[in-house]
Amino acid sequence: MHEFVAPPPPRLISSPCIGICALDPAGFCRGCWRTGAEIGGWMAMSERERQRVMEQELPQRARDATAFAAQLGGRERLQQALLPLLDAPNGPGWNRSELEDLLPPGPPVEAAVLAGLVPRPHGTQVILTRRTEALRNHGGQVGFPGGRMEKRDRNPLAAALRESDEEIALASNQVLALGYLDPFITITGFRVTPVVAVVDPDFIARPEPGEVAEVFEVPLDFLMDPANLRQVPVDYHERVRHVMEYTWPGQRIWGATAAILYNLRRRLEQVA
């Protein structure tokens, strides 16, 4: 009779990878800030060495490469309020119960948006776009850069960065992602995962004319003030729903975009 020998416990492999795997001109991965050599030799390192690199070297490289992010006021509180980038949030959407009998059949379409925060001398601004009228989904509406996830997107962060580049020419080296907000389900059947990020103040938007009619900024303080957010009754499929709306000069910020900003405010309120 052979004695049973339990297999050894799985080896712990810590990793800073967030699914953005592209080297910049300096040779660093724009997602985790490792060099190509470090990525290739990561498994051969001891766990102690991996932890040292993750805790000491990678944060410093990120700070050096994205010095503009240091200008963002309240960044530490904001970071605490967000969900970590290492694991994209799951779940059907924090508002799904409100739309259960109104959603189209079948699973939701996965999408991601980038809530870009721009540190300005007069305060933090939020980048928003107004979509062209000709678009099939949400034409003419105000929203964040973003859209449907594609097979090549490893996670919502990758999708949000790709879409932002395509829609408003926001390059990845002018963005520092901070974390996720809670997924939100739209009445058209999209499950939207928002990514909050710092955007370089030197960024100059070049909207893709087939998708984006206008790019503009709104003060974060205005959007985080409860007095500026109201509930508006809307008739939909013989039922009255209440949607959120901000009134900003020349723009109507409502629906999913307003709800995502509300989610950000609620998360910030929960941080001491």
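Q: Where does Gly 27 lie?
A: Gly 27 lies in the segment before α1, where helices (DSSP runs of H or I, at least four residues) and strands (DSSP runs of E, at least two residues) are numbered from the N terminus.

Q: And what kind of model is this, and how are residues numbered?
A: This is a predicted model, in which local features need pLDDT of at least 70 and side-chain atom pairs count only at pLDDT 80 or more, while totals for chains, interfaces and linings use all residues. Residues are numbered from 1 along each chain as its sequence is written, and side-chain values use heavy atoms, with hydrogens and water left out.

Q: Back to Gly 27: is it buried, exposed or partly exposed?
A: Gly 27 has a relative accessible area of 25%, so it counts as partly exposed; buried means under 20% relative accessible area, exposed means over 50%, and partly exposed is in between, with a 1.4 Å probe and protein chains only.

Q: What is Gly 27 in contact with, leaving aside its neighbours within four places in sequence?
A: With those neighbours left out, Gly 27 is in contact with Arg 34, Thr 35 and Gly 36, where contact means heavy atoms within 4.5 Å. As for Gly 73, it is 46 residues from Gly 27 in sequence, and the two are 29 Å apart in space, C-alpha to C-alpha.

Q: Which α1 residue could we look at next?
A: Gly 40 has its place in helix α1, which covers residues 36–40. Gly 40 counts as exposed because its relative accessibility is 68%, and its C-alpha atom is separated by 43 Å from that of Ala 213, 173 residues apart along the chain.

Q: What about Trp 33, what is its phi?
A: Trp 33 is not a glycine, yet it has a positive phi of about 70 degrees. Trp 33 lies in the segment before α1 and counts as buried, because its relative accessibility is 7%.

Q: Why point that phi out?
A: Because most residues other than glycine have a negative phi. Ala 169 is also not a glycine, and it has a positive phi of about 60 degrees. Ala 169 has its place in the loop between α5 (156–168) and β5 (175–180), and at 16% relative accessibility it counts as buried.

Q: New topic: where does Val 126 lie, and is it buried or exposed?
A: Val 126 lies in strand β2, residues 123–131, and it counts as buried because its relative accessibility is 1%. The strand β2 is mostly covered, with seven of its nine residues buried.

Q: What is Val 126 in contact with?
A: Leaving aside neighbours within four places in sequence, its contacts include Gly 116, Leu 117, Phe 144 and Phe 216. Leu 117 also stands opposite Val 126 in β2.

Q: Which strands does β2 pair with?
A: Two strands pair if DSSP finds at least two bridges between them. Strand β1 (residues 109–120) pairs with β2 in the antiparallel sense over four bridges, and a hairpin joins β1 to β2 through two residues. Strand β8 (residues 212–219) and β2 also pair in the antiparallel sense, over seven bridges, with Phe 216 in β8 as the bridge partner of Leu 128. Strand β3 (residues 142–143) runs antiparallel to β2 and is joined to it by two bridges, and there Gly 143 is the bridge partner of Thr 129.

Q: How many bridges join β10 to β11?
A: Strands β10 (residues 239–248) and β11 (residues 251–254) run antiparallel and are joined by four bridges. Arg 252 in β11 is the bridge partner of Thr 247. The two strands form a hairpin with two residues between them, and Gly 250 in the turn has a positive phi of about 80 degrees.

Q: Zooming out, how many helices and strands are in the chain?
A: The chain has seven helices and 11 strands. Its radius of gyration is 21 Å, close to the 19 Å that the globule rule gives for 272 residues, so the chain is as compact as a globular protein of that length; the radius is taken over C-alpha atoms, and the rule is 2.2 Å times the number of residues to the power 0.38.

Q: And what share of the residues count as buried?
A: Of the 272 residues, 47% count as buried. Of the contacts in the chain with a separation of 6 or more, 66% are accounted for by residues 24 or more positions apart.
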